[in-house]
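Reader: I have a chain to go through before setting anything up. Can you put it on screen and take my questions as they come?

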Amino acid sequence: AFRYQGAAGKYMVDVRYFDQMNGASKYKVLLAGKVVDEWSATDTIPTRKPDGHSSTRRRIGPLALRPGDEIRIVGQPDGGEAAALDYVEIRKERP
């Protein structure tokens, strides 16, 4: 979890996570305590490790963000998949 510190506005949020072939982790993204997206990591990726081959992006939004909003990402591991995250990127929505 982290607090958004930028200017208020509409933004796209990219979550970079690892989707391996040895499980189906579940993810939720909460903004200010409310679920704004959720998914299962069930792509067919030919690797059992969190590495460059299993690196996957989930694009969420546009979301209305305000300074101080908490963004929380919750991962539930499954099988050999650890629900690992790499990073979160926040980008201004393009008109």
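Reader: What share of the residues is buried?
Author: Of the 95 residues in the chain, 34% are buried. Keep in mind that this is a predicted model.

Reader: And how much accessible surface belongs to carbon and sulfur atoms?
Author: Those atoms account for 48% of an accessible surface of about 5,700 Å².

Reader: Secondary structure next. How many helices and strands?
Author: The chain has 0 helices and 7 strands.

Reader: Which strands form the open sheet, and in what order?
Author: The order is β1-β6-β3-β4, with antiparallel pairing. β1 (2-3) and β4 (34-40) are the edge strands, each pairing on one side only.

Reader: How many bridges join β1 to β6?
Author: There are 2 bridges between them.

Reader: Now the core. How many residues does the largest nonpolar one have?
Author: The largest nonpolar core has 16 residues, and V15, V29, W39, I60 and L65 have the most contacts inside it. Two or more residues each come from β2 (9-18), β3 (26-31), β5 (55-65) and β6 (70-76). β2 gives the largest share, 4 residues.

Reader: Take I60. Which residues does it touch, leaving out those up to four places away in sequence?
Author: I60 touches Y11, M12, V13, V15, V29, V36, D37 and W39.

Reader: What about contacts across the chain, between residues at least 6 apart: what percentage join residues at least 24 apart?
Author: That figure is 78%.

Reader: Backbone geometry, then. Where is the cis peptide bond?
Author: The cis bond joins G61 and P62, with omega about 10°. P62 is in strand β5.

Reader: Is A83 buried or exposed?
Author: A83 counts as buried because its relative accessible area is 12%, and the cut-off for buried is under 20%.

Reader: And A32, how does that one come out?
Author: A32 is partly exposed, at a relative accessible area of 44%.

Reader: Last one, charges. How far apart are the mean positions of the positive and negative ones?
Author: The mean positions of the 16 positive and 13 negative charges are 5 Å apart.

Note on methods: Residues are numbered from 1 along each chain as its sequence is written. This is a predicted model: local features need pLDDT of at least 70, side-chain atom pairs count only at pLDDT 80 or more; totals for chains, interfaces and linings use all residues. Side-chain values use heavy atoms; hydrogens and water are left out. Buried means under 20% relative accessible area, exposed over 50%, partly exposed in between (1.4 Å probe, protein chains only). Contact means heavy atoms within 4.5 Å. Accessible areas come from the Shrake-Rupley method with a 1.4 Å probe; for residues, only the protein chains shown count as cover. Lys and Arg count as positive and Asp and Glu as negative; His and the chain ends are not counted. The place of a charge is taken as NZ of Lys, CZ of Arg, CG of Asp or CD of Glu. A nonpolar core is a set of buried Ala, Val, Leu, Ile, Met, Phe, Trp, Tyr and Cys residues joined through side-chain atoms within 4.5 Å. Two strands pair if DSSP finds at least two bridges between them.
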